[in-house]
Amino acid sequence: MRDTPAFEDIRYDRPADRVARITLARPDKHNAQSLRMLYEINDALDIAMDDDEVNVVIFAADGKNFSSGHDLGDRDRIGDLRPPILGFGGYRSPGPQGHMSREQEIYLGFCWRWRNLPKPIIVAVQGKAIAGGLMLIWPFDLIIAADDTEFSDPVVAFGMNGHEFFVHAFELGHRKAKQMLFTGEPIGAVEAKTLGMVNEVVPRAELESFTLKMAEKIASRPAIGLKTAKMSVNQSMDAQGMWNAIQSAFNLHQFGHANNFALYGQLVDPQGLEIIKREARASRKD
């Protein structure tokens, strides 16, 4: 087993036999995803995958909300903290070329890599999971949601097609995916379970214990059985064209950024930013 580094934006622990846990640890920022956090998640997952004493991983978050999405205030650039991992290149280039390379690395690339890791990963989610927050849920295998959870992707208001790991139709069905994107309105935990996106809904106070109990049950199975079962299900989705669909949507996402650069000199439509802030404030009052 590798030595566990001193993480800043996450925690890594072993809460039970053959179970590892990764916890988002920026509750004051609603676990907004900094560049550092994403690389730390990737490192922690590598540690768990390399440890033969771990059969299953729990992915959780501190605080009221699971994740508010990308940290739009993060000023770290690819290469500032460490060399890039996935080899897309071009990240130093100005304009859309450099930005596309960044998103190929830390969004599309990481999500697809995490989705195909060999061990089962269970997400325990609470509060709000907004846009990029879904990208820390949908790559993984099982979703246990607290009863206060809301899932949303409001970034059509930014002049975009949706977040970068575009599996909305696979997760929600095509009509509900369109409703989520067109309106920006959240889907609650119970509805998400009826759609097949969420495995179980539990009271908030029971989220940690319920998830750990399920993880311990799964961890008792042989690692090779878990690995090949996961591969079989994932390959069934691959046969339906999942990866091709994700790449096509990602290219349209890059067009959206380029269009916003041309019109507004920035990545997103500034009017959309105000719409999303206003709706978030109204949601907090409900």
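## Strand pairing and the sheet

Two strands are taken to pair if DSSP finds at least two bridges between them. In this predicted model, strand 6 and strand 9 run parallel and are joined by 3 bridges, and A146 has V202 in strand 9 as its bridge partner.

These two strands belong to an open sheet of 6 strands, whose order is 1-2-3-4-6-9 and whose pairing is mixed. Strand 1 and strand 9 (200-202) stand at the edges with a single partner strand each, so that one side of each is left without a neighbour in the sheet. From one strand to the next, the twist averages 20°.

## Nonpolar cores

The largest nonpolar core has 56 residues, and those with the most contacts inside it are I41, F59, F66, I137 and F151. Helix 1, which covers residues 35-50, gives the most to this core, contributing 10 residues. In soluble globular proteins, nonpolar side chains tend to be buried together.

## Cavity

The structure holds 1 cavity of 30 Å³ or more, and about 30 Å³ of space lies in the largest cavity. Its lining is formed by I78, P84, G87, F88, G89, Y91, S101 and E105, which by class comprises 4 nonpolar, 3 polar and 1 charged residues.

R18 has a phi near 65°, a positive value in a residue other than glycine, and is found in the loop between strand 1 (10-16) and strand 2 (19-24). With a relative accessible area of 27%, R18 is partly exposed, because that class lies between the limits of 20% for buried and 50% for exposed.

A131 likewise has a positive phi, near 50°, in a residue other than glycine, and its place is in the loop between strand 5 (128-130) and strand 6 (142-146). Here the relative accessibility is 9%, so A131 counts as buried, the cut-off for that class being under 20%.

Key: Residues numbered from 1 in each chain as written. Predicted model: local features only at pLDDT ≥ 70, side-chain atom pairs only at ≥ 80, totals over all residues. Heavy atoms only, no water. Helix = DSSP H or I, 4+ residues; strand = E, 2+ residues; numbered from the N terminus. Buried < 20%, exposed > 50% of the residue type's maximum accessible area, 1.4 Å probe, protein only. Core = buried A, V, L, I, M, F, W, Y, C linked by side-chain atoms within 4.5 Å. 1 Å grid on protein atoms, 1.4 Å probe; cavity = no way out; pocket = protein on both sides within 12 Å on 5 of 7 lines; lining within 4 Å. Points joined across faces, edges and corners; volume = space filled by probe spheres on them. Nonpolar A, V, L, I, M, F, W, Y, C, P; charged D, E, K, R; others polar. Axes fitted to C-alpha atoms, helices over the stretch in contact; angles between N-to-C directions.
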